[in-house]
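I opened my notebook for a first look at this protein.

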Amino acid sequence: MHYKILGRTGLNVSVAGLGCGGHSRLGQTYGNTLAQSADVVRAALDLGINFIDTAAAYGTEKIVGEAVRGRRDKVIISTKTGIASWTDPNAGPFTGAQVLEHLDKSLSRLGTDYVDVYNLHGIVAAQLDYVGAEIVPALLRAREQGKILFLGITEHFGADTDHRMLSAAVPSGVWDVVMVGFNLLNPSARRNVLRLTQAHGVGVQNMFAVRRALSSPEGLKEALDTIEKAGQLDRSKLDATDPLGFLKTDTDGIVDAAYRFCRHEPGIHIVLTGTGKIEHLKENVASINRGALASKTLAKLEELFGQVDSVSGN
Ligand SMILES: NC(=O)c1ccc[n+]([C@@H]2O[C@H](COP(=O)([O-])OP(=O)(O)OC[C@H]3O[C@@H](n4cnc5c(N)ncnc54)[C@H](OP(=O)(O)O)[C@@H]3O)[C@@H](O)[C@H]2O)c1
């Protein structure tokens with residue numbers, strides 16, 4: 001496993017991080033038992049992963065807490081709270097005091113008295129003023145109490161494919177760590193987020209490296225249709241039956257290529273991989289630790305998708 005310093009946090013993090021959300025939620029989505037999911041977390045630690053991302057909304061904090069018991073001090077934990085109800089669109093945003101209650105509940109589920117990175121989850125640009133006025137002062141109090149070591153914010157990539165929120169949030173200086181959507185179909189964060197994070201010394205977690213678009217033919221078709229509809233893809237440049245087949249010539253396949261594409265992007269510290277399957281985890285950790293894609297392959301990807309900012313790959 002390779003390690004990197006996570007920007008100004010100074011934390012030494014594994015370049016592969018375990019994502020406990022996404023479509024898999026450690027396999028909780030498709031029937032893993034709690035013990036099987038905890039085994040995925042333990043397997044990650046055994047492979048040298050020291051960075052785990054979870055969230056109240058994923059329902060996986062307890063599993064993580066159980067799996068890291070006895071080795072908490074060797075693990076960097078990132079968790080999150082939303083700033084409004086996910087289920088009731090008519091409810092108002094949470095107050096700072098409510099966010100602190102959420103933090104205490106996360107600490108209890110994780111079985112720890114501090115989190116390394118506490119993130120606001122899936123924030124959009126229109127919420128930033130409220131976040132700055134109401135939530136950040138509460139987070140800073142929690143940091144003074146030692147319950148949070150570093151403040152983080154994650155974007156809502158599905159609705160913010162061109163990163164308006166992070167483009168505005170990074171220069172504020174508040175956020176030590178951000179989570180950004182970046183993949184070979186939509187590398188737009190290179191232009192409008194990673195340039196800024198590098199200038200401000202902000203740590204970066206990368207989500208959506210693979211997701212559905214790069215792990216299933218149906219997901220890929222959907223993503224390519226969306227990009228074409230946005231006028232950002234010349235479909236005639238792709239093979240009709242195997243659009244990303246060219247990636248297979250010098251890699252172990254699309255998933256391998258997708259993780260390596262992210263891993264070697266300047267400014268990205270941690271590539272999250274989300275899975276409920278230990279076999280996938282092992283393959284993905286190997287990919288994330290492999291070398292960069294060949295320059296010919298990177299040039300072809302740049303020609304095809306370099307200007308795309310219209311799709312997440314969900
Ligand atoms: N706004 C936010 O804050 C936000 C939003 C989304 C995600 N996240 C975080 O980012 C993390 C990463 O996102 P993600 O979980 O969607 O990750 P991802 O690694 O981009 O994609 C994971 C998907 O690919 C599949 N997959 C993984 N390895 C595979 C392999 N070797 N072969 C074939 N399929 C494979 C997984 O299914 P299997 O289970 O079958 O392997 C899963 O469906 C999440 O877990 C979460 O922690 C945060």
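Predicted model: local features only at pLDDT ≥ 70, side-chain atom pairs only at ≥ 80, totals over all residues.

I began by counting elements: the protein has 11 helices and 10 strands.

Next came overall size. I found that the C-alpha trace spans about 55 × 40 × 35 Å along its principal axes. I then checked the radius of gyration, which is 19 Å; a compact globule of 314 residues would come near 20 Å, so the protein agrees with that expectation.

I wondered how much of the chain is buried. Of the 314 residues, 54% count as buried.

Then I turned to contacts along the sequence. Taking contacts between residues at least 6 apart in sequence, I saw that 77% join residues at least 24 apart.

Helix α2 covers residues 61-68 and helix α3 covers residues 96-110. Their axes lie 7 Å apart, and the two helices pack at an angle of about 45 degrees. That angle falls between 35 and 65 degrees, so I wrote down α2 as oblique to α3.

Which residues meet there? From α2 I listed Glu61, Lys62, Val64 and Gly65, and from α3 their partners Ser106, Arg109 and Leu110.

Methods. Residues numbered from 1 in each chain as written. Heavy atoms only, no water. Axes fitted to C-alpha atoms, helices over the stretch in contact; angles between N-to-C directions. Helix = DSSP H or I, 4+ residues; strand = E, 2+ residues; numbered from the N terminus. Parallel < 35°, antiparallel > 145°, perpendicular 65-115°, else oblique. Contact = heavy atoms within 4.5 Å. Rg over C-alpha atoms; globule rule 2.2 N^0.38 Å. Buried < 20%, exposed > 50% of the residue type's maximum accessible area, 1.4 Å probe, protein only.
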